[in-house]
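Me: I'd like to learn how to read a pocket and a helix that helps line a pocket. Can you walk me through a case?

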Amino acid sequence: MTGSLTHVAQQQLLQIVSELQTELEQLQPLLKQMHLLSSNAVSSAARAGSEGDAFRVLTQAIQQLGQDIKNDVQQAQKKLVEITHEQDTTALKRMARQLNNALSELPVAIRKGEYLAVYASVEAAHAEMHGDSFDSVASMLKQLIDDLRRQVAQQQEKMTKLMEIH
């Protein structure tokens with residue numbers, strides 16, 4: 001059914017959209033930290049020479065993970081802007097589903113990050129001279145992923161509220 005939202009529903013929608021925008025903005029420092037971490041990990045792998053070959057592959061995966069999360073966040077932010085300008089209920093519900101789909105990729109990225117942190121720990125345990133450096137990367141990645149998990153849980157709560165607005 002095509003129509004407009006009630007004034008109350010529209011205010012609720014705008015409030016939740018604003019909260020989601022804030023949540024997504026709070027991911028930016030984490031994404032910058034992930035980029036810095038992956039850059040430092042590349043340096044650690046390079047210093048390790050052949051001992052760092054497997055770790056080098058891991059750093060590429062960390063870089064790709066950061067880029068994937070950044071793309072998902074940008075797509076979600078774009079959708080949030082579109083939602084704030086839409087009045088048609090049917091279009092809003094479609095956009096909310098699209099937003100939900102974009103944000104649903106973040107838990108997948110978190111699981112991938114958890115795997116990469118474990119993999120980094122394993123590589124650190126097997127590394128000889130550069131194990132401490134690799135272990136530092138694994139610890140920092142684990143912390144970043146924990147922080148991302150908390151942020152994404154808050155976003156999912158807000159998305160649930162957004163999807164319930166009629």
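Reply: Here is a short tour of a pocket and then of a helix. The model is predicted, so to speak: local features need pLDDT of at least 70, side-chain atom pairs count only at pLDDT 80 or more, and totals for chains, interfaces and linings use all residues. Residues are numbered from 1 along each chain as its sequence is written, and side-chain values use heavy atoms, leaving out hydrogens and water.

Me: What is the volume of the largest pocket?

Reply: Rolling a probe the size of a water molecule over the atoms shows where empty space is left. Here the largest pocket has a volume of about 210 Å³. A pocket is an open set of points on a 1 Å grid over the protein atoms alone, where a 1.4 Å probe fits, with protein on both sides within 12 Å along at least five of seven lines; the volume is the space filled by probe spheres set on the points, joined across faces, edges and corners.

Me: Which elements give two or more residues to its lining?

Reply: Lining residues have an atom within 4 Å of a point, and among them are Met34, His35 and Gln67. The elements are α2 (27-48) and α3 (53-85), helices being DSSP runs (H or I, at least four residues) numbered from the N terminus. The largest share, six residues, comes from α2.

Me: Which residues of α2 are buried?

Reply: Buried means under 20% relative accessible area with a 1.4 Å probe, protein chains only; in α2 they include Leu27, Leu31, Met34 and Ala48.

Note on methods:
Buried < 20%, exposed > 50% of the residue type's maximum accessible area, 1.4 Å probe, protein only.
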